[in-house]
Amino acid sequence: MEELGKIHQLIVPFFGHNMTFNLEVILMTWIVIISILVFGFLATRNKGVIPGPVQVVGELFVSQFFALTEDALDKELGKKYGPLICALFMFLLLSDWLGMIPHLHEPTMDLNTPLSMGLMGFVIAHYAGIRAKGFKAYIKAYFEPIFFMMPLNLIGELAKVISISFRLFGNIMGGSIIILVVSYLTYSILLPPFLNAFFGIFIGAIQAFVFTMLTIVYIAVQVK
Amino acid sequence: MTDDIQVWVKVAAFIGGGMAMGFGALGAAIGEGYTAAKANEAIARNPQISGDLFKTMLIGQAIAESASIFALVIAMILLFTDFAAESYVMVSVLLAAGLSMGLGAIGSGVGSGFPAGEACTGIARQPAMNGRLTTNMLIGSAVCQTPAIFALVTSFILLFTNFSDRPVSPTWAAILGAGFASGFGAIGSGLGGGLVAQASCEGIARQPLSATPVTNVMLLGQAVTQTTAIYGLLISFILMFKGFAPSQSIAESMALLGAGLCMGIGAIGPGIGEGFTAQSAVKWISRNQSATASLTRSMLVGQAVAESTGIYALVISLVLIFVI
């Protein structure tokens with residue numbers, strides 16, 4: 001139980017400030033990134049009209065998420081943001097599933113990962129909004145319905161980043177803590193595989209999907 | 001003096017464990033009863049598939065019970081662990097851990113009973129959609145558990161973080177406030193998320209062709225409904241991890257306790273209200289699929305407006321913590 005909440009950190013002094021690196025999280029994130037790269041390589045290696053097993057999975061991801069993006073945005077923007085959405089989902093899904101392998105942890109268990117993904121979505125959504133509507137109309141949207149609603153609209157926008165990232169973080173962190181505590185209480189007999197299936201595979205996949213959907217919606221709200 | 005602390009820590013562990021399981025038993029039981037009632041109704045309507053209905057009822061009840069099982073785990077830890085009694089902060093830590101998990105289990109327990117009940121009704125109405133309805137129910141009730149999981153995270157962090165080097169006043173109030181914020185904050189969102197999932201099960205049974213947009217919009221609506229529970233989690237994180245300077249004045253302690261209460265209770269209403277919004281949006285998407293895009297948009301705008309009172313609560317708690 002002692003390892004709960006312990007993180008291996010590398011602290012580097014930098015002009016009077018301390019820069020902190022969570023080494024384990026960085027390592028796990030790289031494992032996820034490399035696995036996705038390998039998957040992408042395998043899926044596109046021998047492309048054919050009759051697809052191989054890996055290509056089928058790849059096509060499934062791409063077609064599903066392009067369709068989803070095109071539904072929420074329009075055809076043209078869907079093409080533009082489709083690859084991003086697809087990659088985001090694959091990254092989050094694999095991150096959430098990584099914890100099932102012994103000695104590996106979900107990178108999403110550290111708040112920094114979901115928060116950076118949420119910030120990325122926030123910046124992209126606002127960039128897309130300015131591109132689509134123009135700067136004036138974008139600023140004007142904050143003063144609706146009445147001008148003094150501006151501070152609340154601003155807080156509402158910032159709260160979106162908080163809510164999207166805490167949702168993923170809370171679920172994954174909660175799941176992994178439950179698995180750890182129940183494994184400890186039952187001496188790892190019988191229950192942990194079922195808990196891993198529920199919290200790891202099921203909740204992890206749902207939350208990765210929810211995060212991706214919300215990112216699409218945030219972009220769509222800004223664009224329209 | 002040390003013996004005194006020891007006694008009080010034991011007292012707090014017992015009261016905390018009692019409250020965790022007592023409140024925790026409340027919600028799930030109501031949800032499960034609702035599921036069973038709906039299942040009975042469904043069996044009366046379509047007795048030929050009573051086996052399938054019975055199975056769906058049991059699966060739905062098992063998911064609805066998970067919030068209560070989280071509370072059981074916390075109660076067991078509170079009762080059977082020897083907590084280090086170094087400071088009076090531990091007393092409020094144990095109380096807060098129990099309160100957070102107990103209150104947090106109410107909403108999710110009641111909420112995840114709704115989709116399970118509606119899935120039984122739907123299977124009786126449309127037996128061919130059994131598989132899809134069961135999957136949708138599982139997804140819906142699993143997302144309903146999210147607020148309870150947030151409360152659980154708060155309880156675990158409280159139990160396994162060492163707060164003994166913090167000044168007793170005002171830390172005790174901050175910790176208790178953290179428990180209230182995430183505990184009360186989870187009630188509304190759990191209930192609201194259940195309403196959304198209920199509407200989606202009904203919609204799929206009514207119009208099986210609309211299953212995909214209904215499930216997608218359900219997830220979206222539930223996710224937005226949980227926003228205020230996440231504000232509660234955020235406030236409780238700030239209250240737990242911000243080191244407060246020692247002060248003898250009771251006023252500062254009460255400001256922190258008030259911040260937790262404000263966010264927690266303030267999150268109940270928006271959670272339920274946003275649930276209503278998403279419920280009817282999901283329900284009508286199944287009846288009029290061509291309006292999916294505009295219904296989704298009006299749902300999101302409506303939820304954003306319903307959430308504004310939650311944002312007021314967030315602003316006031318942040319003011320109470322950082323300004324006063």
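Biologist: How do you know whether the span of helix 4 of chain A agrees with the 1.5 Å a residue?

Modeller: The expected span of a helix is 1.5 Å times one less than its number of residues, and helices (H or I, at least four residues) and strands (E, at least two) are DSSP runs numbered from the N terminus. Helix 4 of chain A has 22 residues and should therefore span 32 Å, and since its end C-alpha atoms are 31 Å apart, the two values agree. Please keep in mind that this is a predicted model, in which local features need pLDDT of at least 70 and side-chain atom pairs count only at pLDDT 80 or more, while totals for chains, interfaces and linings use all residues. Residues are numbered from 1 along each chain as its sequence is written, and chains are lettered from A and ligands numbered from 1 in the order in which they are written.

Biologist: What makes the confidence in helix 4 of chain A stand out?

Modeller: The score here is pLDDT, the predictor's confidence in each residue, from 0 to 100. Chain A averages 86, with 96% of its residues scoring at least 70; within chain A, confidence is highest in helix 4, at a mean of 92, and lowest in strand 1 (residues 9-14), at 72.

Biologist: Which residues of helix 4 of chain A are called buried, and what do they pack against?

Modeller: A residue is buried if 20 or more other C-beta atoms lie within 10 Å of its own, exposed if 12 or fewer, and partly exposed in between, with C-beta atoms placed from the backbone. In helix 4 of chain A the buried residues include A:Met117, A:Gly121, A:Phe122 and A:Ala125, and the buried residues of this helix pack against helix 1, helix 3, helix 5 (135-140), helix 6 and helix 7 of chain A. After helix 4 of chain A comes A:Gly134, with a positive phi near 90°.

Biologist: How do you know where helix 7 of chain A bends?

Modeller: The bend at a residue is the angle between axes fitted to the seven residues ending there and the seven starting there. For helix 7 of chain A this angle is about 30° at A:Ile203, yet the helix, with 33 residues, reaches 47 Å between its first and last C-alpha atoms, close to the expected 48 Å.

Biologist: How many residues of chain A are in contact with chain B, and which elements of chain A give two or more of them?

Modeller: Two residues are in contact if their C-beta atoms, placed from the backbone, lie within 7 Å, and by this rule 26 residues of chain A are in contact with 26 residues of chain B. Helix 6 (150-185) and helix 7 (191-223) of chain A each give two or more residues to this side, and helix 6 gives the largest share, 15 residues.

Biologist: What makes up this side of chain A by class?

Modeller: Ala, Val, Leu, Ile, Met, Phe, Trp, Tyr, Cys and Pro count as nonpolar, Asp, Glu, Lys and Arg as charged, and the others, Gly among them, as polar. The side of chain A that touches chain B accordingly has 19 nonpolar, 6 polar and 1 charged residues.

Biologist: Which residues have the most contacts inside the largest nonpolar core?

Modeller: A nonpolar core is a set of buried Ala, Val, Leu, Ile, Met, Phe, Trp, Tyr and Cys residues joined through C-beta atoms within 7 Å. The largest has 165 residues, and those with the most contacts inside it are A:Phe89, B:Ile74, B:Leu94, B:Ala105 and B:Ile175. Helix 3 (residues 89-125) of chain B gives the largest share of this core, 20 residues.
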